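Dear colleague,

I am handing over the structure below for you to look through. My notes on what was found in it follow directly after.

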Amino acid sequence: MRFMLDQAQTDFGRTVDRMLGGADTPHAVRAWARGEHAPGRAVWGWLADAGVTGLAVPEAYEGVGPLPVELGVAYVAAGRHAVPGPLAETAAAAVLLAALAEGGTARTGQAAEDWLPRIAGGRALVTLAAADGGPYALDADAADAVFAVEGEELWLAPGHGPVQPSFDPARRPARPLPGGELLARGPAVAAAAARAADWAAFATAALSLGTGLALVERTAAYVKQRTQFGRPVGSFQAVKHRLADALIGLEFARPLLYGAAVALASGPAGGALASGAAGDARAEVAAAKVATGEAAYTAARTALQLHGALGYTDEYDLSLWIRKARALRSAWGSPSVCRARVLAP
């Protein structure tokens, strides 16, 4: 099967990419790492204007989704520009709330009514802590709402604990505080949380692919300018091979990403998949996650080595993507966890 984007999807990706190209995202990333959220929120507003924030929200709640293929396209562009914030977590929280509202209680329905239109319109930035993502909620200090899944319970947390250090300073994890408002309880929560975790892993895979592509593009441009022995280092065969290997890994991962999007799209809109379909989608997402994460990590190592000591410099923009590639590799499913899911019977 060929997983090729149609013209509308390709044009959408180019539009988001051009828009983010004028947003000075490196400045927003550095401000976000200091706990200053205004520049990052402005970028978030640009994404909302392009319709990106509504891609995981059903039409019944003022969104345009769920559209995993289009979300993948947009998040690849977001990864290329290192957009800060809980992108994957916001999409996953939208999927979780929509799934629980479908046939759920009045309380979960009200939560969906309260938050999903705001998420779709870019008026709310939310985050999620769930078993597959670990005990921390990403960027809880910047979020308008922190949702926490604890076993078969979904809580709207009353706040968060101290922000913890991260390899990527622009990823700011914090533990949700216990208590708050109980939104749902029962087996449906666990099923919806698993579905949301698949979306989070898929979104993280798309961000990884975009991050890896940016690293290769920036490194290719750099080696054309840097000279040794009177020649651009990019003309050396060993340098060409390193970049080619990094790019091939990313291009091999791309169809796995969109194959996972097709698997996610096969489920009912906003709801949980049947058990067999859920297993197939989870394996497809895991394959995409491990492929994109490893390819982006390889691109980061290649970029670092070909830039030499310059790649370690905080003031040099490349470091923003290098750190992000490593952090995304383990977010919402480490390589070992994802490989186990792919191989599970």
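In which loop is Phe229 found? Phe229 is found in the loop between β7 (227-228) and β8 (231-232), where strands are DSSP runs of E with at least two residues and helices are runs of H or I with at least four, numbered from the N terminus. Please keep in mind that this is a predicted model, in which local features need pLDDT of at least 70 and side-chain atom pairs count only at pLDDT 80 or more, while totals for chains, interfaces and linings use all residues. Residues are numbered from 1 along each chain as its sequence is written, and side-chain values use heavy atoms, with hydrogens and water left out.

The phi of Phe229 is near 55°, a positive value in a residue other than glycine, and Phe229 is exposed, with a relative accessible area of 77% (exposed means over 50%, buried under 20%, and partly exposed in between, with a 1.4 Å probe and protein chains only). Trp332, in the loop between α10 and α11 (335-343), also has a positive phi of about 55° although it is not a glycine, but Trp332 is buried, with a relative accessible area of 5%. In the loop between α3 (38-49) and α4, which holds Pro66, the peptide bond from Gly65 to Pro66 is cis, with omega near 5°.

Helix α7 (residues 187-225) has 39 residues and spans 58 Å from its first C-alpha to its last, close to the 57 Å expected (1.5 Å times one less than the number of residues). Of those 39 residues, 28 are buried.

Three cavities of 30 Å³ or more were counted, a cavity being a set of points on a 1 Å grid over the protein atoms alone where a 1.4 Å probe fits but cannot get out, with lining residues having an atom within 4 Å of a point. The largest cavity holds about 140 Å³ of space (the space filled by probe spheres set on the points, which are joined across faces, edges and corners). Its lining has 19 residues, with Val83, Gly85, Arg171, Leu207 and Leu328 nearest the centre, and α5 gives the most to that lining, with three residues. The second largest cavity, of about 100 Å³, is lined by 13 residues, and there too α5 gives the most, with four residues.

Best regards

Definitions and conventions
1 Å grid on protein atoms, 1.4 Å probe; cavity = no way out; pocket = protein on both sides within 12 Å on 5 of 7 lines; lining within 4 Å.
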